[in-house]
Amino acid sequence: MTETLVIRSTRVALPDGVREAAVLVRDDTIEAVEDYGAQLGATAEVDLGECALLPGLVDTHVHVNEPGRTDWEGFASATRAAAAGGITTICDMPLNSVPVTTTVQALRAKLAAAAGQCAVDVAFWGGAVPGNAGELVPLLDAGVLGFKCFLIDSGIADFPPLSAEELRAAMRALADSGAPVIVHAEDPAEVREPTGPGYDAFVASRPTVAERRAIETVVRAAAGTGARAHIVHLAAGDCAALVGAAKAAGIALSAETCPHYLFFAAEEVPAGRTEFKCCPPVRYAPNREALWRALATGVIDGVVSDHSPCAPELKDTERGDFRTAWGGIASLQIGLPALWTVARRRGLSLADVARWMSEFPASLAGLPAKGRIAVGCDADLVAFDPDAAFVVRGSELLHKHPLTPYEGRTLTGRVSRVWLRGIPVDPGGPARGRLLRRGGGSIG
Ligand SMILES: [Zn+2]
């Protein structure tokens, strides 16, 4: 017998806006979206009232680090944190794990590590590094979503950056597939050693012009090859015009930013608090304004976490030296309330949030059944109370290490229930997440 479930809410984030609706789920799929009061004869019924219903978030930028650096983060802890934060699909980055995901064999090692321990669905980016051009199409055939690359030192010796020419070669190899090349865009020629241990010196060492020059390199490569290109963690608001102009010229380019660039500003980083260190850096308040404008006008397409924790000792919190601390912000579980806390103040809606955090990332990842409350999509759904406030305590978060720059911050918006393919996610229950390939089928 098939199970049916209807979930009603006066605030359902649909692709065309927020409205009262009833969502009918049959087995694992959204079968209908009807009026709030519609009689649908379901076998189970949930009425959320004023509590909102969002499509499950798709976080295309998560460093799980397993296998190899599971002491930094792992599939079990990361996917539990994701579920608690309303994220029903994560896309794992190809570096920080050992091996890095730059060969089919390494992908197999990653799939073996992930199998059976994921609380939400997981898909995988491959890596493009010097010398693995011959692996790209086989990796794509094996099920990766596309390829991450760096134009600057990644901090990981076995994941070196591509030159402009190597970037172009990778894009040429992938142009026919439509799979995206997603790029960490900072130009090493514009980056220098910080002049001191503090945060301002760190920001000055990685100026916006480094992002600009690298984005220009990406735009040229995408224009010359026809490949689909994507800028990860855009942090320089003054590059928005460049991204917008490339899009207007018909180049297949998109860009994401992260909650921390939209929430924090460099002026607010307390001295020595290296949990704020990430690359590119969180910049000053006027830059944050520019990022919000770019997001509101659609120049920036999406918002994803870049959750990238490390072993706590690598953050060097005792000395608080931004030169030596490992870069990366841990925030997977609180990206949604962090973004919403600021978005609501700015008069933006939950439909905007759903577009940035669910719909766009699902399309970037090539997962057509994810990211929308629409007929035929997976019933990945999140009950979200947009008015509830809470104080972030790192020790209560489910990712592996409690260190987070949001510690002690009051955020608005609380995830109360999550359904993965029609079934409530139970944090202590069985790991029901699937491993997904580009297109959405099972991988491995
Ligand atoms: Zn990253």
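Which residue takes a positive phi just after α6? G226 does, at about 80°. The model described here is predicted.

## Helix α6

Helix α6 covers residues 208-225, 18 residues in total. From its first C-alpha to its last, α6 reaches 26 Å. That is close to the 26 Å expected at 1.5 Å a residue. G226, with its positive phi, comes just after the helix.

Buried residues in α6 are A210, E211, A214, I215, T217, V218, V219, A221, A222 and T225. Their cover includes two helices, α4 (164-174) and α7 (240-248). It also includes three strands: β11 (180-184), β12 (228-231) and β13 (253-257). An α-helix has 3.6 residues a turn, so residues three or four places apart point the same way.

## The six-stranded sheet

Strands β11, β12 and β13 also belong to an open sheet of six strands. The order is β9-β10-β11-β12-β13-β14, and the pairing is parallel. β9 (126-127) and β14 (302-303) stand at the edges. Each has a single partner strand, so one side of each is left without a neighbour in the sheet.

G126 stands opposite F147 of β10.

## The zinc site

Three residues coordinate the zinc ion: H61 through NE2, H63 through NE2 and D306 through OD. The distances run from 2.1 to 2.2 Å. Along the sequence, the donor residues follow the spacing H-x1-H-x242-D.

H63 lies in the loop between β6 (57-62) and α1 (75-84). D306 lies in the loop between β14 and α10 (335-345). The pair therefore ties together parts that are 243 residues apart in sequence. Both H63 and D306 are buried.

T412 sits in strand β16 (residues 410-420). Is T412 buried or exposed? T412 has a relative accessible area of 13%. Buried means under 20%, so T412 counts as buried.

Beyond its neighbours within four places in sequence, T412 is in contact with P337, W340, T341, R344, F384, P386, D387, A388 and A389. One of these, A388, is 24 residues from T412 in sequence. In space, the C-alpha atoms of T412 and A388 are 5.6 Å apart.

Conventions:
Residues numbered from 1 in each chain as written. Predicted model: local features only at pLDDT ≥ 70, side-chain atom pairs only at ≥ 80, totals over all residues. Heavy atoms only, no water. Helix = DSSP H or I, 4+ residues; strand = E, 2+ residues; numbered from the N terminus. Buried < 20%, exposed > 50% of the residue type's maximum accessible area, 1.4 Å probe, protein only. Contact = heavy atoms within 4.5 Å. Pairing = 2+ DSSP bridges. Expected span 1.5 Å × (residues − 1). Donors = N, O, S within 2.8 Å, 3.2 Å for Na, K, Ca; no water.
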